[in-house]
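User: I am new to reading protein models. Please walk me through this one, a feature at a time.

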Amino acid sequence: MAGERVLVVDDDPGIRSVLRGYLEQAGYGVTEATDGAGALASFAELDPQVVLLDVGLPDIDGLEVLRQIRATSRAYVLLVTARVEEVDRLVGLGMGADDYITKPFSPREVVARVAAFLRRAALEIPPTSTDGPLRVDHSTREVHVDGAPVELSALEFDLLAFLISRPGQVFTRAQILEHVWGGDWFGDQRVVDVHIRSLRQHLGDDATDPRFIATVRGVGYKVIKGS
(Lines give C-alpha, C1' and ligand atoms only; values in the text may rest on other atoms or scores of the structure.)
Protein backbone atom coordinates (compact mmCIF):
# COMPACT_ATOMS: atom_id res chain seq x y z
CA MET A 1 0.00 0.00 0.00
CA ALA A 2 3.06 2.23 0.28
CA GLY A 3 3.06 5.08 -2.19
CA GLU A 4 -0.66 4.88 -2.95
CA ARG A 5 -2.03 8.42 -2.90
CA VAL A 6 -5.57 9.65 -2.39
CA LEU A 7 -6.72 13.21 -3.12
CA VAL A 8 -9.67 14.30 -0.96
CA VAL A 9 -11.59 17.25 -2.43
CA ASP A 10 -14.27 18.83 -0.24
CA ASP A 11 -14.96 22.35 1.05
CA ASP A 12 -16.07 20.98 4.44
CA PRO A 13 -13.04 20.81 6.78
CA GLY A 14 -14.79 18.33 9.04
CA ILE A 15 -15.35 15.86 6.22
CA ARG A 16 -11.76 16.25 5.00
CA SER A 17 -10.41 15.69 8.50
CA VAL A 18 -12.47 12.54 9.08
CA LEU A 19 -11.60 11.06 5.69
CA ARG A 20 -7.91 11.85 6.14
CA GLY A 21 -7.89 10.11 9.52
CA TYR A 22 -9.54 6.94 8.25
CA LEU A 23 -7.50 6.80 5.05
CA GLU A 24 -4.18 7.40 6.79
CA GLN A 25 -5.06 4.76 9.36
CA ALA A 26 -5.56 2.36 6.44
CA GLY A 27 -2.08 3.22 5.18
CA TYR A 28 -2.77 5.67 2.33
CA GLY A 29 -1.04 8.97 1.67
CA VAL A 30 -3.63 11.76 1.69
CA THR A 31 -3.67 15.24 0.16
CA GLU A 32 -6.56 17.65 0.72
CA ALA A 33 -8.07 20.27 -1.57
CA THR A 34 -10.81 22.71 -0.57
CA ASP A 35 -12.04 23.71 -4.03
CA GLY A 36 -11.92 22.82 -7.69
CA ALA A 37 -8.91 24.95 -8.58
CA GLY A 38 -6.92 23.48 -5.72
CA ALA A 39 -8.02 19.99 -6.71
CA LEU A 40 -6.77 20.39 -10.28
CA ALA A 41 -3.46 21.88 -9.11
CA SER A 42 -2.90 19.10 -6.57
CA PHE A 43 -3.89 16.45 -9.08
CA ALA A 44 -1.41 17.73 -11.66
CA GLU A 45 1.37 17.86 -9.08
CA LEU A 46 0.78 14.57 -7.25
CA ASP A 47 -0.83 12.22 -9.82
CA PRO A 48 -2.90 10.35 -7.19
CA GLN A 49 -4.30 6.88 -7.82
CA VAL A 50 -7.72 7.76 -6.35
CA VAL A 51 -9.70 11.02 -6.09
CA LEU A 52 -12.59 11.49 -3.66
CA LEU A 53 -14.38 14.38 -5.36
CA ASP A 54 -17.22 16.40 -3.85
CA VAL A 55 -19.68 17.45 -6.55
CA GLY A 56 -20.78 20.67 -4.83
CA LEU A 57 -17.58 22.74 -4.75
CA PRO A 58 -17.61 26.53 -4.16
CA ASP A 59 -15.78 27.58 -7.34
CA ILE A 60 -15.63 25.01 -10.13
CA ASP A 61 -18.43 22.44 -10.27
CA GLY A 62 -17.19 19.00 -9.30
CA LEU A 63 -18.33 17.51 -12.60
CA GLU A 64 -16.20 20.06 -14.47
CA VAL A 65 -13.24 19.07 -12.29
CA LEU A 66 -13.97 15.46 -13.22
CA ARG A 67 -14.08 16.35 -16.92
CA GLN A 68 -10.68 18.01 -16.72
CA ILE A 69 -9.18 15.10 -14.80
CA ARG A 70 -10.51 12.67 -17.40
CA ALA A 71 -8.89 14.69 -20.18
CA THR A 72 -5.45 13.61 -18.94
CA SER A 73 -5.80 10.73 -16.50
CA ARG A 74 -7.33 7.31 -15.86
CA ALA A 75 -7.17 7.66 -12.07
CA TYR A 76 -10.09 6.24 -10.12
CA VAL A 77 -12.64 8.92 -9.20
CA LEU A 78 -15.26 8.44 -6.49
CA LEU A 79 -17.90 11.18 -6.55
CA VAL A 80 -19.12 12.34 -3.15
CA THR A 81 -22.46 14.06 -3.49
CA ALA A 82 -25.38 15.39 -1.50
CA ARG A 83 -27.47 15.39 -4.67
CA VAL A 84 -29.57 12.29 -4.28
CA GLU A 85 -31.37 12.57 -7.62
CA GLU A 86 -30.54 9.68 -9.91
CA VAL A 87 -29.82 11.98 -12.85
CA ASP A 88 -26.88 13.58 -11.03
CA ARG A 89 -25.36 10.19 -10.31
CA LEU A 90 -25.76 8.91 -13.86
CA VAL A 91 -24.48 12.14 -15.42
CA GLY A 92 -21.38 11.93 -13.24
CA LEU A 93 -20.76 8.31 -14.14
CA GLY A 94 -21.34 9.06 -17.80
CA MET A 95 -18.61 11.71 -17.62
CA GLY A 96 -16.11 9.15 -16.39
CA ALA A 97 -16.54 8.76 -12.63
CA ASP A 98 -15.92 5.23 -11.44
CA ASP A 99 -18.43 5.22 -8.60
CA TYR A 100 -20.37 7.53 -6.31
CA ILE A 101 -21.34 7.74 -2.66
CA THR A 102 -23.96 10.05 -1.13
CA LYS A 103 -23.78 12.16 2.00
CA PRO A 104 -24.09 11.31 4.80
CA PHE A 105 -21.74 8.36 4.39
CA SER A 106 -19.70 5.99 6.52
CA PRO A 107 -15.96 6.78 6.39
CA ARG A 108 -15.32 3.03 6.63
CA GLU A 109 -17.37 2.53 3.47
CA VAL A 110 -15.30 5.17 1.67
CA VAL A 111 -12.08 3.39 2.69
CA ALA A 112 -13.58 0.10 1.48
CA ARG A 113 -14.37 1.67 -1.92
CA VAL A 114 -10.80 3.02 -2.20
CA ALA A 115 -9.39 -0.38 -1.29
CA ALA A 116 -11.62 -2.03 -3.90
CA PHE A 117 -10.35 0.36 -6.59
CA LEU A 118 -6.73 -0.41 -5.79
CA ARG A 119 -7.30 -4.17 -5.52
CA ARG A 120 -8.85 -4.06 -8.95
CA ALA A 121 -5.85 -2.18 -10.36
CA ALA A 122 -3.56 -4.95 -9.08
CA LEU A 123 -5.82 -7.79 -10.26
CA GLU A 124 -4.19 -10.34 -12.52
CA ILE A 125 -6.48 -10.86 -15.52
CA PRO A 126 -5.60 -13.53 -18.10
CA PRO A 127 -3.89 -11.98 -21.12
CA THR A 128 -6.00 -11.61 -24.23
CA SER A 129 -5.33 -12.14 -27.90
CA THR A 130 -4.18 -9.04 -29.76
CA ASP A 131 -4.73 -10.43 -33.26
CA GLY A 132 -8.11 -8.77 -33.86
CA PRO A 133 -9.12 -5.14 -34.40
CA LEU A 134 -9.52 -4.63 -30.64
CA ARG A 135 -6.16 -4.81 -28.87
CA VAL A 136 -5.75 -4.68 -25.08
CA ASP A 137 -2.27 -4.42 -23.56
CA HIS A 138 -2.42 -5.37 -19.88
CA SER A 139 1.16 -4.39 -19.10
CA THR A 140 0.67 -0.78 -20.24
CA ARG A 141 -3.13 -0.68 -19.79
CA GLU A 142 -3.47 0.60 -23.35
CA VAL A 143 -6.27 -0.11 -25.81
CA HIS A 144 -6.25 0.21 -29.61
CA VAL A 145 -9.06 -0.13 -32.13
CA ASP A 146 -7.95 -0.71 -35.72
CA GLY A 147 -4.49 0.46 -34.68
CA ALA A 148 -5.67 3.77 -33.20
CA PRO A 149 -5.24 4.42 -29.45
CA VAL A 150 -8.37 4.68 -27.30
CA GLU A 151 -8.41 6.58 -24.00
CA LEU A 152 -10.35 4.83 -21.23
CA SER A 153 -10.80 5.56 -17.55
CA ALA A 154 -9.30 3.07 -15.09
CA LEU A 155 -12.63 1.40 -14.46
CA GLU A 156 -13.52 1.29 -18.16
CA PHE A 157 -10.25 -0.51 -18.82
CA ASP A 158 -10.96 -2.97 -16.00
CA LEU A 159 -14.43 -3.60 -17.38
CA LEU A 160 -13.16 -4.23 -20.91
CA ALA A 161 -10.28 -6.40 -19.69
CA PHE A 162 -12.67 -8.57 -17.70
CA LEU A 163 -15.12 -9.04 -20.56
CA ILE A 164 -12.48 -9.68 -23.20
CA SER A 165 -10.67 -12.23 -21.05
CA ARG A 166 -13.54 -14.61 -21.81
CA PRO A 167 -14.74 -13.76 -25.33
CA GLY A 168 -18.17 -15.10 -26.16
CA GLN A 169 -19.12 -15.71 -22.51
CA VAL A 170 -22.21 -13.85 -21.34
CA PHE A 171 -21.98 -12.10 -17.98
CA THR A 172 -24.93 -10.82 -15.98
CA ARG A 173 -24.82 -7.36 -14.45
CA ALA A 174 -24.45 -8.97 -11.02
CA GLN A 175 -21.42 -10.97 -12.20
CA ILE A 176 -19.83 -7.89 -13.73
CA LEU A 177 -20.39 -5.90 -10.54
CA GLU A 178 -18.83 -8.66 -8.43
CA HIS A 179 -15.71 -9.05 -10.58
CA VAL A 180 -15.12 -5.43 -11.62
CA TRP A 181 -16.61 -3.29 -8.86
CA GLY A 182 -15.91 -5.83 -6.11
CA GLY A 183 -18.02 -8.08 -3.94
CA ASP A 184 -18.46 -5.36 -1.31
CA TRP A 185 -20.05 -2.93 -3.81
CA PHE A 186 -23.75 -2.26 -3.45
CA GLY A 187 -26.11 -0.07 -5.39
CA ASP A 188 -28.12 0.11 -8.58
CA GLN A 189 -27.04 -2.48 -11.16
CA ARG A 190 -27.73 0.08 -13.89
CA VAL A 191 -24.30 1.51 -13.15
CA VAL A 192 -23.04 -1.33 -15.36
CA ASP A 193 -25.21 -0.13 -18.27
CA VAL A 194 -23.85 3.41 -17.90
CA HIS A 195 -20.25 2.23 -18.09
CA ILE A 196 -20.95 -0.17 -20.96
CA ARG A 197 -22.52 2.73 -22.89
CA SER A 198 -19.49 4.93 -22.21
CA LEU A 199 -17.10 2.10 -23.14
CA ARG A 200 -18.91 1.57 -26.43
CA GLN A 201 -18.66 5.26 -27.25
CA HIS A 202 -14.90 5.21 -26.71
CA LEU A 203 -14.50 2.08 -28.84
CA GLY A 204 -16.70 3.46 -31.63
CA ASP A 205 -19.04 0.51 -31.13
CA ASP A 206 -22.71 0.57 -32.13
CA ALA A 207 -25.09 -1.16 -29.73
CA THR A 208 -27.50 -1.93 -32.58
CA ASP A 209 -24.80 -3.49 -34.77
CA PRO A 210 -21.89 -4.21 -32.41
CA ARG A 211 -18.36 -5.13 -33.42
CA PHE A 212 -17.06 -5.70 -29.91
CA ILE A 213 -19.62 -5.68 -27.08
CA ALA A 214 -23.00 -7.34 -27.56
CA THR A 215 -26.06 -7.01 -25.35
CA VAL A 216 -27.74 -10.30 -24.57
CA ARG A 217 -31.26 -9.12 -23.87
CA GLY A 218 -32.55 -10.04 -20.45
CA VAL A 219 -29.17 -11.44 -19.38
CA GLY A 220 -26.18 -9.11 -19.71
CA TYR A 221 -23.17 -8.48 -21.95
CA LYS A 222 -20.43 -10.32 -23.81
CA VAL A 223 -17.42 -9.54 -25.96
CA ILE A 224 -17.93 -10.93 -29.46
CA LYS A 225 -15.47 -13.66 -30.40
CA GLY A 226 -12.90 -12.51 -32.91
CA SER A 227 -13.03 -8.88 -31.75
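User: Which residue stands opposite Leu7 in β2?
Analyst: Leu7 faces Thr31 of β2. Strands of a sheet pair through backbone hydrogen bonds, either parallel or antiparallel. Here β1 and strand β2 (residues 29–33) pair in the parallel sense, over five bridges. Two strands count as paired if DSSP finds at least two bridges between them. Strands (E, at least two residues) and helices (H or I, at least four) are DSSP runs, numbered from the N terminus.

User: What should I know about the model itself?
Analyst: It is a predicted model: local features need pLDDT of at least 70, side-chain atom pairs count only at pLDDT 80 or more, and totals for chains, interfaces and linings use all residues. Residues are numbered from 1 along each chain as its sequence is written, and side-chain values use heavy atoms, with hydrogens and water left out.

User: How many of the five residues of strand β1 are buried?
Analyst: Four of the five are buried, so strand β1 (residues 5–9) is mostly covered. Buried means under 20% relative accessible area, exposed over 50%, and partly exposed in between (1.4 Å probe, protein chains only).

User: In what order do the strands of the open sheet run?
Analyst: The order is β6-β7-β8, three strands with antiparallel pairing. β6 (134–137) and β8 (148–150) stand at the edges with a single partner strand each, so one side of each has no neighbour in the sheet. On average, neighbouring strands are turned by 30 degrees against each other, direction ignored. Such angles use axes fitted to C-alpha atoms, for helices over the stretch in contact, and run from 0 to 180 degrees between N-to-C directions.

User: Over how many bridges do β6 and strand β7 pair?
Analyst: β6 and strand β7 (residues 142–145) pair over four bridges, in the antiparallel sense. Val136 stands opposite Val143 in β7.

User: How many aromatic pairs are there?
Analyst: There are two. A pair of aromatic rings is described by the distance of the centres and the angle of the planes. Rings of Phe, Tyr and Trp (its six-membered ring) pair if their centres lie within 6.5 Å; planes under 30 degrees apart are stacked, over 60 edge-to-face, the rest tilted. Tyr76 and Phe117 have centres 4.9 Å apart and planes at 10 degrees, so they are stacked. Tyr76 lies in strand β4 (residues 76–81) and Phe117 in helix α5 (residues 107–122), so the pair ties together parts 41 residues apart in sequence. Tyr76 and Phe117 are buried.

User: And what of the pair Phe162 and Phe171: what are its distance and angle?
Analyst: That pair is tilted, at 4.5 Å centre to centre and 45 degrees between the planes. Phe162 is buried at 6% relative accessibility. Phe171 is buried too, with a relative accessible area of 3%.

User: Which residues lie nearest the centre of the largest pocket?
Analyst: They are Arg70, Glu151, Leu152, Ser153 and His202, out of 15 lining residues. On a 1 Å grid over the protein atoms alone, a pocket is an open set of points with protein on both sides within 12 Å along at least five of seven lines, and lining residues have an atom within 4 Å of a point. Helix α8 (residues 190–203) gives the most to this lining, with three residues.

User: Where is Leu199, and is it buried or exposed?
Analyst: Leu199 sits in helix α8. Leu199 is buried, with a relative accessible area of 0%.

Methods: 1 Å grid on protein atoms, 1.4 Å probe; cavity = no way out; pocket = protein on both sides within 12 Å on 5 of 7 lines; lining within 4 Å.
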